[in-house]
Amino acid sequence: TDPQVIPPEGLTVFTASQFSVFAALFNVGAIAGAFLGCPVMDRVGRKRALALSAAVHAGAWLCTIFASSPAVLTVLRVLTGLAVGMGSAITPCYIGEVSTIGLRGRLGAAHQLSMTLGILLV
């Protein structure tokens with residue numbers, strides 16, 4: 001039999017069901033962020049909305065480093081998904097507005113390709 005692995009002191013260990021919920025809540029946040037991204041960018045503009053999305057994303061990851069409870073980690077996971085969803089909704093609009101007509105299609109395709117490759121590789 002395998003010896004029982006004892007996690008280091010202070011390490012948060014999820015059960016299988018907690019981990020499943022934790023993983024799925026990123027997608028829930030991303031869906032909400034996609035719908036939230038449009039009103040935010042209409043209100044504050046594309047550039048500021050992208051900056052806000054990046055700040056939320058960076059802040060959530062920074063807080064994740066120091067979080068120790070499953071509840072806090074779960075909330076931060078939703079916030080990270082929210083920021084990704086907002087960025088995914090805002091970026092194509094921003095690319096369409098700032099690029100020239102000749103580059104618009106290529107830049108949009110490059111954005112989508114980078115998202116797809118990122119999902120594949122990570």
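This is a short chat about the predicted model shown above.

Visitor: What kind of model is this, and which cut-offs apply?
Guide: The model is predicted, with local features needing pLDDT of at least 70, side-chain atom pairs counting only at pLDDT 80 or more, and totals for chains, interfaces and linings using all residues. Residues are numbered from 1 along each chain as its sequence is written, and side-chain values use heavy atoms, with hydrogens and water left out.

Visitor: How many helices and strands does the chain have?
Guide: There are four helices and zero strands. Read from the N terminus, the order is α-α-α-α. Helices (H or I, at least four residues) and strands (E, at least two) are DSSP runs, numbered from the N terminus.

Visitor: Is the chain spread out or compact?
Guide: The chain is more spread out than a compact globule, because its radius of gyration is 18 Å, well over the 14 Å that the globule rule gives for 122 residues. That radius is taken over C-alpha atoms, and the rule is 2.2 Å times the number of residues to the power 0.38. The C-alpha trace spans about 65 × 30 × 20 Å along its principal axes.

Visitor: What share of the residues is buried?
Guide: Buried residues are 21% of the 122 in the chain. Buried means under 20% relative accessible area, exposed over 50%, and partly exposed in between (1.4 Å probe, protein chains only).

Visitor: And contacts, what share comes from residues 24 or more positions apart?
Guide: Such residues account for 70% of the contacts with a separation of 6 or more. A contact means heavy atoms within 4.5 Å.

Visitor: Switching to salt bridges. How many are there?
Guide: The count is two, a salt bridge being a side-chain nitrogen of Lys or Arg within 4 Å of a carboxyl oxygen of Asp or Glu. Asp42 pairs with Arg46, with the closest N and O atoms 3.2 Å apart. Glu97 also pairs with Arg46, at 3.0 Å from N to O.

Visitor: What does the Glu97 and Arg46 pair tie together?
Guide: Glu97 is in helix α3 (residues 70-98) and Arg46 is in helix α2 (residues 46-66), so the pair ties together parts that are 51 residues apart in sequence. Through shared partners, Asp42, Arg46 and Glu97 are joined into one network.

Visitor: Where is Ser53, and what is it in contact with?
Guide: Ser53 is in helix α2 and counts as buried at 5% relative accessibility. Apart from neighbours within four places in sequence, Ser53 is in contact with Ala83, Met86 and Gly87.

Visitor: Last one. How far apart are Val44 and Arg77?
Guide: Val44 and Arg77 are 25 Å apart in space, C-alpha to C-alpha, and 33 residues apart in sequence. Val44 belongs to helix α1 (residues 16-44) and is partly exposed, with a relative accessible area of 37%.
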